[in-house]
Every structure is written in structure tokens, then in C-alpha cells.
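Subject: Structure handover

Hello,

Here is the structure I promised to pass on. Please open it beside this email and follow along.

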Amino acid sequence: MAPIFEYFVVCGLGPEIRTLDGNKGYHGVGVLYLPSMLDQYPPENHTLYPPPPPQLPTCVLPAGVEIFSTGFDVNDPSSSPRSYPIVLTEGDGSKIYVSCIAFRDPVSEDIAEAYRIPPNSFADKCICLVSRSPSFTVIRNTLEELFALCFSSDGSSKPLWDVIAHLVSNVPLPTPGRDRVLFAIENCLLSVDPPPKNGLPHVDISFQPLVQCLDVDNLIELFTAVLLERRILLRSNKYSLLTIVSEAICHLIYPFRWQHVYIPSLFFSGVDYIDAPTPYMMGLHSGVDTSYLVMDGVVVVDLEYNRISTSEEIPPIPEPEFSSLRMDILKLLHPKVVGIDQIKTSPAGSSEQWAIPCNQPWGEEQDLQLRLIFLRFFASILGGYRNFIEDSAAQAFNNQAFLKKRSRSTHQPPDAMVSQFLDTHGFLDFLERAGSLEESDSNLLDKLQDAIGRGQNPMSILPSSATEPEIVTISDPNGGESRSGAKYIYDRFPSNIRTEEQEEKRKQILAAASGAFEYIKNAPSSPSVQVGKEALSPMERAAERERMVLDIKVKLQGLWLRLLKLGATDDPLSSFEYGTILALIESDAEGIGGSGFVECISEHIHTGWQCQLTDEQFIAVKELLKTAIILATSRNDMSTVRDALEVSAEMYRKDNNNVPDFVQRHLMSLSIWEELRFWEGFFDYLMERSSDKSANYAAQVTSQLILVASHMAGLGISDTDAWYMIETISEKNNIGYKQLIQLRGFLTHIQQLRVGYWGVSSVKAPSISSMGLSSPRPKDGTDENQQPAEASVVGRSWVQSMFSRDSSRVNSFARVRKWTSDGASVNCNSLHEDSSAAGQKKLQTNVRVLRGHNGAVTALHCVTRREVWDLVGDREDAGFFISGSTDCMVKIWDPSIRGSELRATLEGHKRTVRAISSDRGKVVSGSDDQTVIVWDKQTTQLLEELKGHEAQVSCVRMLSGERVLTAAHDGTVKMWDVRTDTCVATVGRCSSAVLCMEYDDSTGILAAAGRDAVANVWDIRAGKQMHKLSGHTKWIRSVRMVGDTLITGSDDWTARVWSVSRGTCDAVLACHAGPILCVEYSAADRGIITGSTDGLLRFWEHDEGGVKCLRNDTIHSASILSINAGEHWLGVGAADNSMSLFNRPQDRLGGVAGSGSKLPGWQLYRTPQKMVAMVRCVASDLERKRICSGGRNGVLRLWEATINI
């Protein structure tokens, strides 16, 4: 069972003191200082747990740290300890629940001495228990017991941090609906009750504060504002009230979820975030001044005075639901008033299905009834909604038909509130979840609608709790009285034991603060801390950067709103708003300003903005977008360029003829639009984003290419160039001529419309080489200004151009060719000439097509010769491939049986299969359904289903001794025992999703990497982490480990070579022009091969002083997906279904030819005749000279380079 407590954290005044304004040092009492993380358990150097959120100190002490001359005073209520909960939201939407106790604690003597703080001073300190479970009561009770134990006059029998370590490490989270956990702190017994199973979501707060602070009408108005995703600001002078009310209102909108920014307790320095234009729910202490903020459209809820104010009208809930909801709430809150006219006995035979408890103090029963009242409201207002879901796979909802049906049933015009609600992110999210297999059985809204329709008691939808939970007692084996009978008594909250490194760093910081430079000179040199320089920890730097990013985005949002208010007499290019936004875009090397500006526009569009600009606004916006795109291009930030392209197609002004003139047309001078590479990436993005996954593949490709063509026409790209790029992408996706004709007709139509109104575009794109990019045009000596004859004929027949396949046509589009490689690259034509001269003339090959999958092939595994022996014996042509697909199937193929290659189909997964491995008797597969399934290879029976990961499984590896190693997007690497169907251990934890993994079974060394851009290395047998290899700046896509060498390939366009034993980076391989998807290591000569999305295959060798690139091959024109090197053979596969087989020739004595040379020994042996297809994965069987590819259309293509050597 997972632990209920994830961390115990102490925050307060750290060794490096700064004010909230950033000034270092002590500036007297009455000044607020930044809080720091002082202590934590598990400790910072614990490798199996991710670190606490870096923003935690700022959130638990939102007002900052204040220094006082006195501590707790019974006559001063403000000095009393305060207990309150807070909730943090991580980037993936998951919540972290924290219970806090803030109190005054003596300032540490060394800090007071270093900063000259008056002796016997006190400062704010906060102790926190962090949990992933919303068990507010048990977390608060546990923390208060620890606080009381610390300052108890009787003392404790164990050191306080030993008690904390036992609680965090050993108290588990109960199994829903089954276990109750009992544990003790000294002499106090505490319990953790099991959360309900398949009922309403677990909530451990009382809803009474919500209904006590707001009357019924204000409660309904707040509920409506949350439901319509407005900007909501809660105000109170109590932190607990802000969190409890925020959580309560989020639970009242069940089965819907709040999808936007959620900060129940906003730290004081983040008050500017309130002007953000996107939906949010925030809580702010009422003592913070907000009078200088615009707050236009913000719904301000004053919990102290029962007031709600907003400048925008909130549409009311329609009848009859409003009256019914209001009456049900009143019955619950004031039963005696509502029922004062009713007789005590009801007429015979009448019964109240919805029992409302009367004359009872508020408790869990009232909380449940309040939640059911609001659930009943949703069942009424969304009655029959399931009949309007048109596409069950995509969960498309017919809003207009539903509104018309409701209008007819209520005899009223369509409701503004319901119409707006159907367009919210919360409703769309509900539709997606309602269609999933996991939540279809637990959808209480559907169950309640069915129960009401059948006349049943609505309470019947909740699971019964007839069975008593099983008691699980957690005892401390070292608890009780100490052997000596000693007691531990504290006059302040104790510090945890620091490591020597932590103590040394603390002393150096304090010495620098006090001006004791003699200490620094005499102390051992440490590169981490220097006199007069910043000494931020990595966690503090991460928190500082996160605050900076958020601050820039909030400022951009406020400036953007003011920019839209420019009047007809304002000069846009000299306005303050324009100048500030431009400065934020240009001065930011990391691109936060540019991407933030584009994101700000996109979010504003999604909130319902009509996108029409005045002439003044239009001038400013197009210039800002141009700058953002140019700088994003120089950083190769294609996502920002792509987003800017899309928002530019939305924003427009009306010209003199009242025709929309879109911003996009004025971006045509940017040369990025001439790059085929950009449009291919844009098309891939559209395909991934497409919601209609069940559509025919050719139809889906066509619809996305029509969207691409629309953008090209909107930019003003010439018909010739636009069609060349559309046709090239079409050919790579293998669509038919009918779709090509449809695309050509559409492109011709919109080009004629554009030219008919705006005329022919004649703007020459400037070169962007000055921005740091190499020119994408090949230096072939031709005059770039000279247009080829074919391209100059504007009115040429598009049918002739579409069916033309002559090679001369390619040369007429030099402006849209892909990026060329550097001087070391090999031209495709010269490569073929060299190959012919070298005798490589065997181009006839045998490619077989294997059909069986109904969805894209997403995983391929080649079975080794030793494994095949057990099934078919030592046949020369034997050899299996195992494939997985989006159709949830795993299939085993035997190429030796022509015409009947499909040997078995393994069914059991519920979602896409992502990873496959095998040994002599078993096949193991991992899937998006978060499970790992083990199959018997002989009987194809499902043996075990391993459950434990909390996200999709990305890697699997079958090990010796009936063990399985798995990695997933939840950041964990787990080892399983197949015989017992149990997880033996979580052998590794990463801070983000794991995308690739390597394991050496002989040494027990594991390497895993992924989205956190860090390569983690563990020694599993020793049970410890060896290294965290940092250096990459983006996702790591591939790892390869041979002996002491580890190679990683990343989206930052580099590969790195590491030493496993030393944990050092030995070389950085940086010559590719795109993310590196695969890396390989040749053990015979210590050579390295890398493949990238730029289509290049680079060969590297170790040289004196480092690693150098010997050559690069350009025989592939798409992303390299797989490289597999053997002793004498090298197999390569690319995303366009091109394959190649390389050979290192042997001399007559059996040695490698050219022993003095290394990877130059690899020579291209054969390539098959190319069959165009979009490939997702490739696997090589070098023993039998076979390469197999899996396509998006579910087809496997097997190339057999049958040779005699």
C-alpha cells in the first residue's frame, strides 16, 4: 500500500535571508522575508522519492516570514499557533494536500549572529505534512499531535525526528472500502478510515463553513460562476476558510471537474496574477490590498461579509431547476422554517424518496445530502444528454439539438446558462471521461438519472457499507520507553540531522553573510558556494524560474488586454503596451516572452473573444507576431511558430470593402514558411491532435492536409510551391489519387479566391541566416532569382502537374527542399554513384506485406535465435517478430511460413500496446491501460496481469529468473516476480515520465531517462542510485548501455556519451539538425551511430581528445527510428519505410577488414525497393538479414535481404 504521508517539511527563516523584494540581509522587524525549506523527511538525498514542490515554502507561509521580539503570549491572540490546510496543483492537474501549523520559534543562534539579529528574537516557522490523499482530518490531527509532543512538558520517549520518520515511512493509505489503519503517536491513537469505493469522490472536509459564510442565493451564484468557468477570487482573513470553501465548491460540481488555475491560498507577492484573463479560482487573504488592480470581470466572493460582486453578469440557472435547487438547500439548512406549515403525519401511502434529516447537528450525513442535492440538479438539467452524443468514440455532443429539445420540454427559449455550460472545458472533459471504460461503470450521474426514471430511491446509487473494514494496526517496533528511561524535551522545534555537506554549505553562507572572509579562505574550496555570489539550491532555482515564468505570462496577459483597448487616435507602435510586450519578447533568450505572448492570444480566443481588431491594434499585433516568429525560428522553437500561425489565422480587421483581412496574410515575408520541414512537422501535429481517431486513415490525412493548404493560401504561398509541399506530404502518407484530386481542387479554389481579391503575392522572403540558422537552400550554383520554366507558368494544367513524376520537377523547387547537412554530408545522387562504383548493385530485394492489425502498429520486437530454438528448432529461416498495435492486440509472426506468417494473436489489453519483450517461454507487453501482461509463448495463454503503474507503460524487459522490469509515464521503474504476480520493488523513480530504459542483467545496472531530461542510473543489486546525469535540456528519447559506456539521445539535437562508473559526460555529439531518436554502440570498435529526425545517419568514433564524426549518410529522407548493430551487420529503418543494411566485410582469416580503421568499415550493402508508408516502429533481425517495419495503417512490411557470404 502507498504511504498516506509523502513528506514532513519545515519552512521558515533559512541561512540566506532575503526580503520579499529580493534584498539580501536583515532589514529589521516589521519587514517580511522570503521563506525557505529548512528540513524535510525523507531527506533531500533520498533517491526513491521525488523532491517536494519547490513553491511549497512560499505557499505554506503566503505572507512571508516576520521577525518578532517575543514568542507566544497568551495575552496576544496574534502570537498563537495557527493550523490550516492548503492545496497545491501540479502541472499534470494532480493535487497535493498539505496541513500546516505556523508558529513563532526562536531564531537560530548562528543565523542571528551572522545577520546581527537581536538576541532572543523569534520568527515565523511552519511545519507541514504533505499527502496525495485528501484526508484533511487525519493529516491535521497527526500534525497537531506531533506539535503537541514537541512542546509537551512531559517530553517524548523517542527523538522527534525518529517519530516523524516512522510515520512517513510506515503508515499506509487504506484500501478503498476495505481497510482501516490504526497508528499511534506516543500515547495517542489515531485512525485512517477507508475512502468509499465506487461512490462519490472521497472528501474529508465539512461543507458547513460554505453554507455558513454564504446564504442560499449567493451559494447558488458562486456555484453557477464556477460551473461557467469564470475568474473567481475568494476573500477571507482565515487561510483554512479559503481552502475549505474552494475544495467544497469543487466537490459540489461533481461529476464535473475544475479544469483551470486553482490556487486556494495565493501568496501575497502573487497578487498581480489576479489580472490574468484566463479562468481561475484563487483565494486571497482579506488583508491584501487589491484596489490598484483592474479586476474587470472577476467574481469576488467575500466570505466574511456574505457578498459577491462582479462587473460581468452571471446568467441565472433556468427554471424549474433553480426553484427546485433552492428549495432543496433550504430544506436541508432550515427544515423547521420550510416545513412549518406541514402536518406531522403524512397521508397514508406517501413517502419521501429524498430523505432530509431534521433537527440534527451538521455532520457527515448533511454533507452527503448537500452533495446529492447538487447531483440531482445535474441529473435534471442534463436529462437525456446521452441521446445527443453523436460519436461514441470521439464523444461529440450535439449542443444545438440538446438545447432545442430542452426548450421544447420547458416551453422557454434556449437558456444562456445551459448554452454556456455546454461549451466549457469541464463539460467536454466529462464527455471524454464518460466514454472511457474505466469510468463508465462509476458514472453516478447516469445511475441517478436511471434511478429517477425508474422511480427508485436516489440513495440506491451509492454503495452499501454493510461490511466492517478490516483493521490494520501499524506498530513501532522501537516505540515505547527508551531503555534508559530518558525523555526528549524541546524548547524549540528541533532541526533534523544535517549531512556534512549541508552543514558545510550552511556555515559558508552564514560566514559570507557576516563578513567572515577568513573562514572562506581557510575552509576547503567548494565550487558550489562563493563569497558575494548567489547560493541558491537547485530547488530554489527551479522555484525562482517558475515564479519568473508565471510572472512574465501574467504581465503579458495584462498588457494584451490593455493593447486591445487602443483607441483610433493612439499610435500603436509608440504605445507603452506595445513597447513592453516587444521588450519581453526580444530580451528573453529562453523564449518565454514569445511563447507566452502567443499562448496569451490563444487562451483569449478560447475564452470566446471574437478576434476582430481595429486598424491600430492590427498594426501592433502583426509586428509583435513577426518578431515572436523570427526569434522562435532562431531557437528552432517550432511549437511557438505553429501556434503563432494558428492564432494569426483567427485575428482580422475589416478593410474598406468590409472584407476580413487576416493577420496571417501579413506574415508571408517570413522565410520559415518556405521550409518543407516546418509543414511536415505541422501536419504531424495536426494528425496527433485530430480527435476523430476512428475515421478512415486516408480521409483523416486528407482533412488535415486541407487545413494545411488553407494556412498556405492564407499566408500567400504561391500555388506552385504550396502544391509541391502538399503533394510531397501526400506521397509520404500513401494516399490515393482520389484524395490528391480533392486536395488539388481545394487548393486551386482557395488560391483563386485569394488572388482574385488580393492579387498575386510578390514579396521576397528575407534570409534568416543572421538569426543563427544555416541556410536551408542547397548551394548548387544556380541563380535563386531565376524561376524555372515550369514554375513560371501560373496557368499550367494542375492535372498534368499532379501526375508528373519526372526528376527535373524536383529541381524547380529548390526553395522548399529540406535542410541540407553540413560539409561532411553525402549528397544523395553522389551516394548512389559511389555505391555503384563500389559494386553495390544488388537493389532487387524481397519485401513482404503482413496484414492482421486493425490499427497503427506501435511496438515491434525481434525474437532471438535462442528463443526460436525452443519452438521450431534450429531452422535457418526461422525467426519471429512480435507486434503490438492501437487495436490492443499483440501478434506473433513467423516469416518462415509464407502466406501464413501470423502464428498467434494475444488478446487482453484494453488500450494501445506500447512495449514488447520476450524470453524462451514467455512474451511480456506493456500498454496505455497501465497494465503489463505476461503470456505463454507456446500456448498463447494469458499467464499474469501485473497492475501497479499509475500511467501508461512505456518500456518492458524480460529478465532471467522469471522477473520482469517495467517503466511507465508515472516516473517509476518496477521489478516484478512473474511466479507470484507481485511487484518485488520499485527500483527507480524519475521526476517525470520514463521514455527509454536499458538494463545490464550481468551487473544489475539500470539506466532510465525521459521527459525530465535526466539520465538516472541505479545499481539494483545494491539498492541505491548511482548517478543523476544532467546535461540535456529536453526530453531524452533513447539510451544505449554497453559495459561502462552509456549513450543518450535527446530532443535538444545532441547525443551524450557518459561513463557509468564515474558518472561523467565524456563527449557531446552535436551535429544533427533535429531531435535524436535512436543511438547505437558498436562494441567491437567502440563506435557510435546516431539517427535523427533530420534523416541523417551519423557515424562517430573515439579519437584523441574526444569523439568525432567520421561521416554521415543521407540515404534516408525521414526520421531514423531504429538502429541495430551486430558484429558484422547494421540494420537501419526510417519513418518513410526506407530501410538499409550495412556490412563490415571480413578478411579471409575471419578478422574485420581494415583493422586500423573503425566505423568507416561499415559499407552500405543493400536497400529494398521503397514502398511509401508512414512507419511508427522498426525492428531488425540481423542473424537472418531481416528488417520489419510497422505502419500507421496496421500493415507490417518485412524485408528479407537473403544473401550468401
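Below is what was found in it, topic by topic. Keep in mind that this is a predicted model.

**The cores**

Start with the largest nonpolar core, which has 73 residues. Which of them touch the most other members? They are F223, I232, V301, L375, L382, F421 and L422. Helix α10, residues 364–381, gives the most to this core. Its share is nine residues.

Now pick out L375. Set aside its neighbours within four places in sequence. L375 is then in contact with L200, Y254, P255, L444, L445, L448 and I461. Remember Y254 and P255 from that list, as they come up again below.

There is also a second, separate core. It has 67 residues, including V598, I629, F682 and A722.

**A packed helix pair**

Next, look at two helices. Two packed helices are described by the angle between their axes and the distance between the axes. Here the pair is α20, residues 592–606, and α21, residues 615–634. Their angle is about 135 degrees. Their axes are 9 Å apart. The crossing of α20 and α21 is left-handed.

Which residues make the contact? From α20 they are G594, F597, V598 and I601. From α21 they are L624, L625 and A628. V598 was also listed above, in the second core.

**Cis peptide bonds**

Two bonds deserve a look. The peptide bond from Y41 to P42 is cis, with omega near 0 degrees. P42 lies in the loop between β3 (36–41) and α1 (56–60).

The peptide bond from Y254 to P255 is cis too, with omega near 15 degrees. P255 sits in the loop between α7 (239–252) and β11 (261–263). Both Y254 and P255 are in contact with L375.

**Positive phi values**

Where do positive phi values turn up outside glycine? R116 is one case, with phi near 60 degrees. R116 lies in the loop between α2 (109–115) and β7 (122–131). Is R116 buried or exposed? Its relative accessibility is 59%, so R116 counts as exposed. The cut-off for exposed is over 50%.

Q930 is another case, with phi near 70 degrees. Q930 is in the loop between β26 (922–927) and β27 (931–936). Its relative accessible area is 32%, so Q930 is partly exposed.

**Cysteines**

How many disulfides does the structure hold? It holds zero. C150 has a relative accessible area of 0%, so C150 is buried. C188 has 21%, so C188 is partly exposed. The cut-off for buried is under 20%.

**A buried threonine**

Last, find T142 in helix α3, residues 136–150. Is T142 buried or exposed? Its relative accessible area is 0%, so T142 is buried. What does T142 touch? Leave out residues up to four places away in sequence. T142 then touches F5, L129, L167, F183, I185 and L190.

Best wishes

Definitions and conventions: Residues are numbered from 1 along each chain as its sequence is written. This is a predicted model: local features need pLDDT of at least 70, side-chain atom pairs count only at pLDDT 80 or more; totals for chains, interfaces and linings use all residues. Side-chain values use heavy atoms; hydrogens and water are left out. A nonpolar core is a set of buried Ala, Val, Leu, Ile, Met, Phe, Trp, Tyr and Cys residues joined through side-chain atoms within 4.5 Å. Buried means under 20% relative accessible area, exposed over 50%, partly exposed in between (1.4 Å probe, protein chains only). Helices (H or I, at least four residues) and strands (E, at least two) are DSSP runs, numbered from the N terminus. Contact means heavy atoms within 4.5 Å. A disulfide is a pair of cysteine sulfur atoms within 2.5 Å. Axes are lines fitted to C-alpha atoms, for helices over the stretch in contact, and angles run from 0 to 180 degrees between N-to-C directions. A crossing is left-handed if the near helix is turned anticlockwise from the far one by less than a right angle, and right-handed if clockwise.
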